[in-house]
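Please examine the structure shown below. The briefing that follows then describes selected features, grouped by topic.

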Amino acid sequence: MAVLVTGAGIICALGTNQDEVVASFRAHASGIGPLQHLSTRHQADYLFGEVPLGNKELAARHGLPSHLSRTMLLSYHAAREAYDSIPVELLQKSRVGFISATSVGGMDKTEAFFLDYVPDATAGKLIKVIHHDCGKHTDFVAAQLGIRDFVSTISTACSSSANSIMLGARMLKAGLLDIVIAGGVDSLSRFTFNGFNTLMIVDKAQSRPLDASREGLNLGEGAAYVVLMREETADTSTALCRLSGYANTNDAFHQTALSDQGEGPYLAMSQALAASGLMTSDIGYINLHGTGTQNNDAAEGTALRRLFGEVLPKLSSTKSFTGHTLAASGAIEAVLAAQTVKHGFIFPNYSFTTPMPETGLHPVQEFHLDSSVRHVLSNSFGFGGNCSALLFSRT
Amino acid sequence: MNSPPKLLRSCSIQNGTIWIDGAEVFTGPTNDFAAFATSAFRALTIDYPKFYKMDNLAKLGFLAAEHLLAGLNFRTPGVADRTGIVLANANSSLDTDLRYAAQVQQGLASPALFVYTLPNIVVGEVCIRHGITGENMLFEAEHYDAAAQVAYVANLFAHNTIDQCLSGWIDLLGQEYRAFFYLVGAGSQPTLPDYTAASVETLFTT
Amino acid sequence: MQDLKLKLKELLVEHLNLQDIKPEDIGDDQPIFGEGLGLDSIDALEIIVMLQQHFGIRLTKADNGPQVLASVNSMADYIMAHPQPQK
């Protein structure tokens, strides 16, 4: 029973919908740059993949109160674009689910509250923290969209929204739901940035995934959701692609680093392929996890060599354009992978000079069209060893 | 798996006490989780100093898994990658988030603490300890929903994705904590309960 | 110098949660990573923060971290060679 991706929604540093995001890649315009909206004492020294709208503007676009957490606003924006792609008559007769994911939750508001609260326990507006919980944004967006049949939140770090998509597909195959909007969101916060910085995996310059000189990631933010349906319910001609395989594994090595052999990534990719019945030679393009850290790219590269051997398909890390959007990355990259399958868009690395000596991977360096690509693999690996791989195929 | 999965065993930790299959196996300090955790860990007499670096949520999960999986070996191909972990939690990593935020407030920022500001790190710690590489998931919900969890896990069995699964609920915030872990898999003993929402709910509420 | 080394050992035990190890059990020249005290990459970052907090030392990637952090001796040598202005 096939599961199709019939629609999508996205917001990130590159734009506020699918067309804008693709246009940024076409123009080779990276979304990595100085902060415009979040303020941190580090802002002069670092670059981020920040969504180019402040909270007031985001809220105003949808007639929402502007005091909501940025996570809620971004999630609603992307979920709305996805939801609006579903024919109304279909919605009315379907059981609809909303599965989201986040690592930050309402942290952007909570950390502001904390600053007031710590020196004086009577200070600070409690209303700032009521949306802190990871599930609050999910409940809010589901309520706004009128989705009641199934609402759930996954939190497995950077693989979270890929896992949302997996769960959505499973619920459709089990006949428990008819339509699922699945994905995730994360917004920039000082808490997250400071934390990643103490792990010394953040690059002060534009990140260079797969490059021998890579120094780390750029933090990003955003949200993305895909609309999933069983093939018999969907309009195959307008659908973006099919979700042909998926798998999730644990690397079981370290809380925040991948094993040298890339075992978790290797198992996830192999199992996703096995589930789809495809062979490595069928894969036309890989959207890597590719954060740009020493550890991830080396481990992911090793896993790729183990699986594909000498001949690798086209590959790139779109995080070089969007930044690492944490829990949203799985879904953002799923939307990009769907665009690749549907339209043949091959997204490049932003910049690349020298391959890693250990694995010698060469990413795509220029945006171009390749209509021969029928199957796309998308990787997402999270802290805690959580490794996911999604496979998208032509319908 | 040919026959439906069974509930093989369970481990509960709450209020300074550890139960295995309903029988009390350890009691420790009830006034302070950190003291309880250290005391429970020492009682295990295992050599695993990494335990002391974990945050409270990870310690809670580690202890529950250590008891639940006692005597079982997962480090063989065909077993490791076919063992899953599916947990649910309400307060995410809030306990550690608060500690970390307090540190940042003072101009410090411990990388070792930041590592634990994600709720699924406890899953990673259990995987590292036991060599488990199969599917692993963590859901956020205000309250434990046995039916939803059983449906998810049963689906994994039905699709032959896993042969056994560590599942349950784990939550900790300040001094309020509860771990409810259970192991699902093939079981030959006729007295073992079937893996159903009802049987899990019964275990959770006793 | 001996006071500094003992202080470093006490700080290591405290900051890295080395609960079952006493400061005096750590050898001056003992390699602390890998087999030594079982420390990993996160512990290395933690030590960097510890050195900054207690000695005002800011180790950057260029400072050859792995060599400086290899043992109590190498850390003590580095601290003595890079005196920081007292606050």
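In strand 8 (residues 314-316) of chain A, A:S316 stands opposite A:N287; helices (H or I, at least four residues) and strands (E, at least two) are DSSP runs, numbered from the N terminus. The model is predicted: local features need pLDDT of at least 70, side-chain atom pairs count only at pLDDT 80 or more, and totals for chains, interfaces and linings use all residues. Residues are numbered from 1 along each chain as its sequence is written, while chains are lettered from A and ligands numbered from 1 in the order in which they are written.

**Strand 7 of chain A**

- Strand 7 (residues 283-287) of chain A pairs with strand 8 of chain A in the parallel sense over three bridges; two strands pair if DSSP finds at least two bridges between them.
- Strand 11 (residues 375-382) of chain A is also joined to strand 7 of chain A, by four bridges, and these two strands run parallel.
- Within strand 11 of chain A, A:L377 stands opposite A:I286.
- Because five of the five residues of strand 7 of chain A are buried, this strand is largely enclosed by the rest of the structure.
- A residue is buried if 20 or more other C-beta atoms lie within 10 Å of its own, exposed if 12 or fewer, and partly exposed in between, with C-beta atoms placed from the backbone.

**Strand 6 of chain A**

- Ten of the ten residues of strand 6 of chain A are buried, so this strand is largely enclosed by the rest of the structure.
- Strand 6 of chain A pairs with strand 12 (residues 386-393) of chain A in the antiparallel sense over eight bridges, and A:R242 stands opposite A:S393 of strand 12.
- Strand 1 (residues 3-12) of chain A pairs with strand 6 of chain A in the antiparallel sense over three bridges, and the bridge partner of A:V3 in strand 6 is A:L243.

- The largest nonpolar core has 207 residues, of which A:V5, A:A8, A:A224, A:V226, A:L228 and A:A338 touch the most other members.
- A nonpolar core is a set of buried Ala, Val, Leu, Ile, Met, Phe, Trp, Tyr and Cys residues joined through C-beta atoms within 7 Å.
- Not counting residues up to four places away in sequence, A:A224 touches residues including A:A8, A:I10, A:A78 and A:I332; two residues are in contact if their C-beta atoms, placed from the backbone, lie within 7 Å.
- A:I332 is found in helix 12 (residues 329-343) of chain A, and A:I332 counts as buried because it has 33 C-beta neighbours inside 10 Å.
- Not counting residues up to four places away in sequence, A:I332 touches A:I10, A:C12, A:G222, A:A224, A:T322 and A:T325.

**Where the chains meet**

- In the contact between chains A and B, 35 residues of chain A touch 32 residues of chain B.
- Helix 8 of chain A gives the most to the side of chain A that touches chain B, with four residues.
- That side of chain A divides into twelve nonpolar, 20 polar and three charged residues; Ala, Val, Leu, Ile, Met, Phe, Trp, Tyr, Cys and Pro count as nonpolar, Asp, Glu, Lys and Arg as charged, and the others, Gly among them, as polar.
- Strand 3 of chain A is joined by two bridges to strand 5 (residues 136-140) of chain B, and the two run antiparallel.
- In strand 5 of chain B, B:F139 is the bridge partner of A:I154.
- The buried residues of helix 6 of chain A pack against strand 5 of chain B together with helix 3 (70-83), strand 2 (96-101), strand 3 and strand 4 (179-186) of chain A.
- Five residues of chain C are in contact with six residues of chain A.

**Strand 4 of chain B**

- Seven of the seven residues of strand 4 (residues 83-89) of chain B are buried, so this strand is largely enclosed by the rest of the structure.
- In a regular strand the side chains alternate between the two faces of the sheet.
- From strand 4 of chain B, B:T83, B:I85, B:L87 and B:N89 point one way, and B:G84, B:V86 and B:A88 the other way.
- Strand 4 of chain B runs parallel to strand 6 (residues 164-173) of chain B, to which six bridges join it, and parallel to strand 5 of chain B, with five bridges.
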